[in-house]
Amino acid sequence: MPEICRFYGLLVRMYFDDHPPPHVHVHYGEFELVMQIDTLEPIRGELPPRALSLLREWVLANRDLLMQNWVRLEAGLPLIPVKPLE
């Protein structure tokens, strides 16, 4: 499960051979969340409100690159690292 970014305690990953819709897996302490890339909506899990806000900001800022990575996953290609929030 490749890590694509880590910032403010959030660890963002994408899985090879994962199911649609395009999404990211996020770990934050004991919390886990799967977020759909295009809608910014949680598919399952939860994060504290501040962490969820930061994640949405990051996904929104990097949506195009995240979608490129999703296509790369489907093709079996290595992922492109995504810059963290600053």
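Which residues are exposed on the other side of helix 2? They are Asp64, Val71, Glu74 and Ala75. Exposed means over 50% relative accessible area, buried means under 20%, and partly exposed lies in between (1.4 Å probe, protein chains only). This is a predicted model: local features need pLDDT of at least 70, side-chain atom pairs count only at pLDDT 80 or more, and totals for chains, interfaces and linings use all residues. Residues are numbered from 1 along each chain as its sequence is written, and side-chain values use heavy atoms, with hydrogens and water left out.

**Helix 2**

- Helices (H or I, at least four residues) and strands (E, at least two) are DSSP runs, numbered from the N terminus.
- Helix 2 has 13 residues, which should span 18 Å at 1.5 Å a residue. The expected span is 1.5 Å times one less than the number of residues. The end C-alpha atoms of helix 2 are 19 Å apart, which agrees.
- Leu66, Asn69, Trp70 and Leu73 are buried in helix 2.
- Seen down the helix axis, these buried residues fall within an arc of 105 degrees, so they line one face of helix 2. The arc is taken from the directions from the helix axis to the C-beta atoms.
- That buried set packs against strand 1, strand 3 and helix 1.

**The nonpolar core**

- A nonpolar core is a set of buried Ala, Val, Leu, Ile, Met, Phe, Trp, Tyr and Cys residues joined through side-chain atoms within 4.5 Å.
- The largest one here has 25 residues. Those with the most contacts inside it are Ile4, Val12, Met14, Val24, Leu55, Trp58 and Leu66.
- At least two residues of this core come from each of strand 1 (3–7), strand 2 (10–13), strand 3 (23–28), strand 4, helix 1 and helix 2 (63–75).
- Helix 1 gives the most to this core, with six residues.
- Contact means heavy atoms within 4.5 Å. Leaving aside neighbours within four places in sequence, Leu66 is in contact with Ile4, Met14, Val24, Ile37, Trp58, Val59 and Val82.

**Salt bridges**

- A salt bridge is a side-chain nitrogen of Lys or Arg within 4 Å of a carboxyl oxygen of Asp or Glu.
- The whole structure holds two salt bridges.
- One joins Arg6 and Glu3, with the closest N and O atoms 2.9 Å apart. Arg6 is exposed at 53% relative accessible area, and Glu3 is partly exposed at 41%.
- Glu41 and Arg56 also form a salt bridge, at 4.0 Å from N to O. Glu41 lies in the loop between strand 4 (31–36) and strand 5 (42–45) and Arg56 in helix 1 (residues 49–61), so the pair ties together parts 15 residues apart in sequence.
- Both partners are partly exposed: Glu41 has a relative accessible area of 43%, and Arg56 has 27%.

- His25 lies in strand 3 and is buried, with a relative accessible area of 6%.
- Glu57 sits in helix 1 and is partly exposed at 45%.
- Glu57 and Gly45 are 12 residues apart in sequence and 18 Å apart in space, C-alpha to C-alpha.
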